[in-house]
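We will go from stop to stop.

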Amino acid sequence: MSCREEQDFAGAVIDSLKFAANEDCITGKLALSVLPRLTDALVTRKGWLDCELAGYHDTGERTGKLGLHLRVRGRLSLCCQRCLAEVVFDCAIDSRLLLMPPGAEWPAEELESDDYDAIPASRELSVRALIEEEVLLALPIVPRHADCLLPVVVEAEIEESGPSPFAVLAGLKKH
Ligand SMILES: [Zn+2]
């Protein structure tokens with residue numbers, strides 16, 4: 001399947017059901033600076049996301065249904081909630097989003113399924129808004145370094161720092 005590069009990816013608006021029915025596909029880069037809700041959670045606004053959005057016909061249990069296959073790759077700088085330093089998060093989204101036409105019955109299994117999510121079909125779907133929402137959902141709830149040592153280091157310092165400065169002073173006064 002060929003995927004065309006969309007020059008104005010941030011400004012792209014698609015008719016979602018038509019896009020999926022045509023198995024259309026666009027790729028592009030999205031600057032983090034155009035994603036205000038996301039950058040609120042970031043240490044830096046520099047950088048971008050590599051994105052690909054492809055329409056598809058579901059051939060599984062939901063044959064005939066239309067969906068969007070979204071792939072996003074990018075490196076995000078979050079704030080470690082333990083030591084407050086930067087923690088790098090490699091964003092790697094590979095989601096299938098089932099399009100729900102107006103009035104369609106929402107699939108009951110959608111809430112439990114990890115295979116796909118359902119989103120309302122729209123004739124004017126903002127690609128930027130869709131991706132920002134999906135990236136926000138993919139962020140860790142409490143970002144922190146996997147091996148953040150801060151609390152351990154603090155405890156170790158307290159235990160190993162020997163007598164308190166006051167004890168040392170008391171010792172000096174004796175001489
Ligand atoms: Zn940390």
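Helices (H or I, at least four residues) and strands (E, at least two) are DSSP runs, numbered from the N terminus. This is a predicted model: local features need pLDDT of at least 70, side-chain atom pairs count only at pLDDT 80 or more, and totals for chains, interfaces and linings use all residues. Residues are numbered from 1 along each chain as its sequence is written.

Select leucine 84. It sits in the loop between strand 5 (66-79) and strand 6 (86-100). Buried or exposed? Leucine 84 is exposed, because 11 other C-beta atoms lie within 10 Å. The cut-offs: 20 or more such atoms means buried, 12 or fewer exposed, in between partly exposed, with C-beta atoms placed from the backbone.

Next, select glutamate 23. Look in the loop between helix 1 (16-21) and strand 3 (25-31). With 13 C-beta neighbours inside 10 Å, glutamate 23 is partly exposed.

Now pick glutamine 7, in the loop between strand 1 (4-5) and strand 2 (13-14). Glutamine 7 has 9 C-beta neighbours inside 10 Å, so it counts as exposed.

Last, select helix 3. Its buried residues include Val127, Leu130, Ile131 and Val135. Residues three or four places apart in an α-helix point the same way, because there are 3.6 residues a turn.

Zoom out. The protein has 5 helices and 8 strands. Of its 175 residues, 21% are buried.
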